[in-house]
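Morning, everyone. I have one structure to show today, and I will keep it short.

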Amino acid sequence: MIYTNLFEKKHISKLCYGTLSLSNLQNSDTDENKIKLLNYAYEKGINFFDTAELYDNYNILKKFIKDKDRDTLIIASKSYAYDKKTADYSINKALKELDTDYLDVFMLHEQDNGNNFIGHYEAVERFMKYKQDGIIKHFGISTHRVEAVKDSIKFNEIELVFPLLNMMGIGIQDGTISDMLEAVKIAKLNNKFILAMKIYGGGHLITNTKKAFDFVNNISEVDSIAVGMSTIEEIDANICYLENNELNDNLKNKLKNQKRTLVIEEWCVGCGKCAIKCKQNALQIVNGKCKVDMSKCVLCSYCAGECADFYIKIV
Ligand code: SF4
Ligand code: SF4
């Protein structure tokens with residue numbers, strides 16, 4: 001495993017386990033199997049785990065954490081808190097449901113820009129109080145937008161930026177991958193910890209994972225890379241990519257044969273843009289939501305770029 005530092009805290013795995021892939025939103029496997037995956041990752045040296053209030057999987061992480069030395073783990077979470085009350089709710093819920101005394105990182109989820117951040121400032125002030133009390137160790141934002149990454153430098157409270165970063169720029173809501181790289185450079189020059197997300201473009205780059213991983217891993221400003229993983233093989237492959245090792249044939253075959261599906265998140269507003277793009281006629285708007293017919297879908301990913309809100313994923 002390759003390790004990095006989160007400011008004063010040393011020995012943080014450069015590969016962060018993004019646990020959206022273990023939430024019921026994307027994964028219907030048993031809790032027991034999900035915990036086995038977390039334990040496997042930990043045994044392989046991964047000690048950085050990202051979750052969110054939205055993922056509703058604190059219960060799984062709690063069972064994973066309970067027999068570990070807490071200080072060896074980095075647990076990050078995030079919420080949409082916007083005032084004192086919602087900030088208190090988010091922190092108390094995370095502490096209680098994870099059964100921990102502190103959170104290594106807490107973030108505001110999906111920030112758009114500096115104005116959006118100011119709009120959440122009552123919550124930010126509350127988070128700063130939790131930080132003073134040692135309950136949050138570091139504070140940050142997650143975002144799919146270039147503007148938010150650029151604006152992060154205006155706020156000393158933001159120590160960590162969690163931007164969407166992949167070689168095709170899939171899912172970036174307000175610019176290209178070049179724009180995002182420039183913003184990340186500016187944020188890094190201002191001493192922000194950069195945790196990259198969606199490096200496989202929500203599953204749409206799975207036919208070229210090595211290239212997609214290397215693209216992000218070679219960005220010097222990136223401190224850590226969050227990857228959603230839902231099988232042992234995916235964990236092994238990402239560790240191989242990080243350590244620049246070749247995948248053996250057995251692993252390659254298992255990954256090739258892994259069953260994939262298209263998921264449209266429940267927040268879809270039924271605009272229909274993705275359905276127009278799909279030449280297989282696999283997408284239809286039913287009762288104001290997009291539905292996929294997997295007997296027609298060839299997982300080509302052409303629809304993904306049409307959804308500005310990044311609601312279409314291959315898992
Ligand atoms: S992945 Fe391709 S085939 Fe499947 S719904 Fe999207 S555009 Fe259609
Ligand atoms: S483009 Fe996005 S919001 Fe529009 S119908 Fe498709 S999935 Fe839903």
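This is a predicted model: local features need pLDDT of at least 70, side-chain atom pairs count only at pLDDT 80 or more; totals for chains, interfaces and linings use all residues.

Let me start with strand β3, residues 15-18. Which way do its residues point? L15 and Y17 point one way, while C16 and G18 point the other way.

Now the partners of β3. On one count there is strand β10, residues 224-228, which pairs with β3 in the parallel sense over four bridges. Within that pairing, I225 of β10 is the bridge partner of L15. Then there is strand β4, residues 48-50, which runs parallel to β3 and is joined to it by three bridges. Here D50 of β4 stands opposite G18.

What lies between β3 and β4 in the β-α-β unit? That is helix α1, residues 31-43, and the unit is right-handed.

On to the ligands. Ligand 1 has 14 residues around it, and those that come nearest are C278, Q280, C297, C300 and C303. By class, the shell of ligand 1 holds eleven nonpolar residues, two polar and one charged.

Ligand 2 is surrounded by 14 residues, of which C268, C271, C274, C290 and C307 are the closest. How does the shell around ligand 2 divide by class? It has nine nonpolar, two polar and three charged residues.

That is the end of my part.

Methods:
Residues are numbered from 1 along each chain as its sequence is written. Chains are lettered from A and ligands numbered from 1 in the order in which they are written. A residue is near a molecule or strand if its C-beta atom, placed from the backbone, lies within 6 Å of it. Ala, Val, Leu, Ile, Met, Phe, Trp, Tyr, Cys and Pro count as nonpolar, Asp, Glu, Lys and Arg as charged, and the others, Gly among them, as polar. A residue is buried if 20 or more other C-beta atoms lie within 10 Å of its own, exposed if 12 or fewer, and partly exposed in between; C-beta atoms are placed from the backbone. Helices (H or I, at least four residues) and strands (E, at least two) are DSSP runs, numbered from the N terminus. Two strands pair if DSSP finds at least two bridges between them. A crossover is right-handed if, with the strands pointing away from the viewer, the path from the first strand over the helix to the second runs clockwise.
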